[in-house]
Amino acid sequence: MTYYLLKRLVAIIPTLLAMTLITFLVMHAIPGSPFDPAIFGGNDLPPEVLANIEAKYGLDRPLPEQYLRFIGGMLVGDFGTSYAFKSRSVSELLRDTFPVSLQLGTMAFTLALGLGIPLGILAGARRGSLLDRAVTLLTTSGIALPSFVVSVLLILVFSLVLRLLPATSVRWEQPQTWILPTLALALGPLAIFARYTRAGILDELSGDYVRTARAKGLHERVVLYRHVLKSALLPVVTVAGPIFAAIATGSFLVETIFAVPGMGRFFVSSIFAKDYPVIMTLVVLYGAALVLSNLVVDLLYGALDPRTRAAARLLHRS
Amino acid sequence: MSLEQEFTIAAAAQAPAHPNNAAAPPAQALPQRHRTLWGDVWRRLRRDPAALSSVIFLVLLVLLVVLAPFVAPRGYAAQDYTSLRALPNTRYWLGTDNAGRDLWARLVYGGRISLFVGVSVQLVALAVGVPLGLIAGFYGGRADAVIMRVVDVLYAFPNLLFAILLMSWLGPGLTNILVALSITGWLTLCRVVRAQALSLRTRDFIEAARAVGVPPWRILLAHVLPNTLSVIITTVTFGIPQAILAEASLSFIGIGISPPMPSWGQMVSDNILYIRSSWHLAVFPAVALGLTMLAFTSFGDGLRDALNPRAHE
């Protein structure tokens with residue numbers, strides 16, 4: 001098990017390196033200097049001055065050296081200095097904004113799991129009931145509707161018509177501003193969790209072991225929660241990894257709409273400003289989050305399903 | 001998908017190409033009506049109210065955007081300075097935006113962009129993903145290894161992140177959106193087609209064709225391809241709304257369509273600031289995008305069930 005974990009962790013490194021390298025090359029292929037005031041509509045700087053500023057940030061060095069410097073700095077936790085928010089290091093920017101995004105993402109993910117799975121179980125256990133049809137309607141719209149469309153509709157209903165909740169979340173210290181962005185971010189994942197749970201339950205309920213359990217005279221509730229649920233949730237665990245990535249990338253649209261002071265905003269503005277260090281850092285963060293969540297999913301999968309455990313053991317022996 | 005069903009699909013897909021069927025002796029003709037695969041699919045689709053209303057909505061949408069110059073004669077860029085940010089009224093029945101432009105016209109032309117992007121990206125996906133997937137799955141070996149390596153590397157990137165990076169390199173504009181979305185747009189189709197071709201490769205009817213000396217390219221085109229059609233159609237139907245959403249998201253961020261050309265995503269982000277005083281400016285484009293996404297998704301769901309009716313039981 002430890003060996004397997006180590007092997008998987010080592011395998012992450014080339015993936016992350018490839019992502020940073022592609023990002024680095026694409027960014028440097030964009031013509032123009034990040035310090036050219038023309039980007040912000042300012043007057044031109046004399047070329048010597050521009051060259052001096054670029055030299056200060058190490059942009060006059062050959063590209064391979066710049067890339068290696070960045071990777072080297074990242075290894076010791078130094079992400080460089082932001083070009084757009086001068087005088088502030090990327091680590092400082094992250095310290096202010098990352099907790100907000102993480103909190104929003106965690107709240108949405110928890111809500112999606114905590115509501116999606118029970119709804120899926122109820123719908124699957126009472127197939128064809130009114131509740132089942134309501135859940136199906138919810139999942140279809142949750143999967144189809146983009147998070148920023150949901151955001152606009154939530155603002156319309158809860159802020160403009162009912163006047164219950166604020167339309168923007170600038171004042172993040174007030175908990176009532178958390179509700180709408182969390183709902184907007186959670187609906188899609190919630191729908192996917194509910195749909196997979198329902199399908200898993202229906203699939204397992206038709207199994208022979210369920211007939212045996214019922215024939216033994218077990219209570220339906222015991223059949224459902226003791227026997228069916230564990231294997232029905234396997235596909236849900238599998239999709240949880242990609243869903244985490246969806247929440248991470250979906251969050252910058254939702255954060256922009258509600259003006260949440262998280263890192264999503266920085267990502268968008270850093271692209272316009274050619275803020276190389278910020279872009280690189282965010283790509284590495286999102287990439288690492290995605291790869292790590294896939295790893296956690298695989299480990300959970302092994303813990304839940306003895307068959308994969310056995311298969312993995314066989315695989316390592318050979 | 002069951003074995004018999006694949007045979008039915010294969011038979012139905014090939015039916016028109018076989019004159020023997022039509023020339024069968026009349027004594028053997030059954031009183032039953034001749035049924036084609038697409039006839040069956042349409043019959044099942046018609047019984048699904050969600051799918052049917054989606055089809056009707058999509059047909060109307062296509063008509064609207066094709067006839068845009070007639071249904072929205074004011075155009076998307078014409079400004080009326082006497083009517084800025086007007087609420088829906090008799091003259092501008094969805095109101096006007098911040099620059100006095102007709103919101104209805106901008107919605108219709110925005111739909112034109114959305115559908116154009118959605119369909120074009122999927123056409124590229126068909127042209128690239130299907131042949132590569134067929135080759136990778138059917139021939140296997142080194143070709144498979146090379147193709148799948150490329151697919152896996154591109155797949156590891158979060159889709160939207162990759163498109164954003166490419167757009168910041170290419171700059172805004174419709175053509176660049178098509179390029180940025182097409183680069184990753186064929187991956188899913190390629191994987192799906194490869195998986196299908198891989199499972200067909202060892203089937204008896206392919207083996208039989210090989211045994212009687214049918215050349216590989218002909219087996220690929222006449223036997224493997226028709227059997228992958230139903231997954232291709234479903235994947236493309238789900239791919240269109242994904243491309244539409246990607247374009248809307250890019251334009252929302254401000255690196256998609258360049259103004260004054262309208263895009264639903266850009267209209268939402270431009271007008272979200274005024275949502276307190278002029279709610280209609282952000283809400284209508286959001287609703288248009290939402291309805292279109294819903295229609296494509298439930299049409300896709302219906303189509304998948306209609307193509308694969310046994311999956312339900």
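Author: A definition to begin with: a contact means heavy atoms within 4.5 Å. With that, in chain A, residues 24 or more positions apart account for 72% of the contacts with a separation of 6 or more.

Reader: And what is that share in chain B?

Author: In chain B, residues 24 or more positions apart account for 71% of the contacts with a separation of 6 or more.

Reader: What should I know about the model and the numbering?

Author: This is a predicted model: local features need pLDDT of at least 70, side-chain atom pairs count only at pLDDT 80 or more, and totals for chains, interfaces and linings use all residues. Residues are numbered from 1 along each chain as its sequence is written, chains are lettered from A and ligands numbered from 1 in the order in which they are written, and side-chain values use heavy atoms, with hydrogens and water left out.

Reader: How many helices and strands does chain A have?

Author: Chain A has 13 helices and 0 strands. Helices (H or I, at least four residues) and strands (E, at least two) are DSSP runs, numbered from the N terminus.

Reader: And chain B? How many there?

Author: Chain B has 14 helices and 0 strands.

Reader: How much of each chain is buried?

Author: Buried means under 20% relative accessible area, exposed means over 50%, and partly exposed is in between (1.4 Å probe, protein chains only). Of the 318 residues in chain A, 44% are buried. Of the 313 residues in chain B, 50% are buried.

Reader: What about the accessible surface of chain B?

Author: About 15,100 Å², with 65% of it belonging to carbon and sulfur atoms. Chain A exposes about 16,300 Å², and carbon and sulfur atoms supply 66% of that. Accessible areas come from the Shrake-Rupley method with a 1.4 Å probe; for residues, only the protein chains shown count as cover.

Reader: Which residues make the nonpolar surface patch?

Author: B:Ile56, B:Val59, B:Leu60, B:Val62, B:Leu63, B:Val66, B:Leu67, B:Phe70 and B:Val71 make a patch of about 830 Å². Patches are made of residues with over 30% relative accessible area and no salt bridge; like charges are joined within 9 Å, and nonpolar side chains (Val, Leu, Ile, Met, Phe, Trp, Tyr) within 5 Å. A salt bridge is a side-chain nitrogen of Lys or Arg within 4 Å of a carboxyl oxygen of Asp or Glu.

Reader: Which helix gives the most to it?

Author: α4(B), with 6 residues. α4 (49–66) and α5 (68–71) of chain B each supply at least two. B:Leu67 lies in the loop between α4 and α5. B:Leu67 is partly exposed, at 38% relative accessible area.

Reader: New topic. What does the side chain of B:Asn176 reach?

Author: The backbone oxygen of B:Leu170, at 2.9 Å. A polar contact is a pair of N or O atoms within 3.5 Å; within protein, one must be able to donate a hydrogen and the other to accept it, and residues adjacent in sequence count only if both atoms are side-chain atoms. B:Asn176 is in helix α9 (residues 174–185) of chain B.

Reader: Is A:Arg163 buried or exposed?

Author: A:Arg163 is exposed, with a relative accessible area of 68%.
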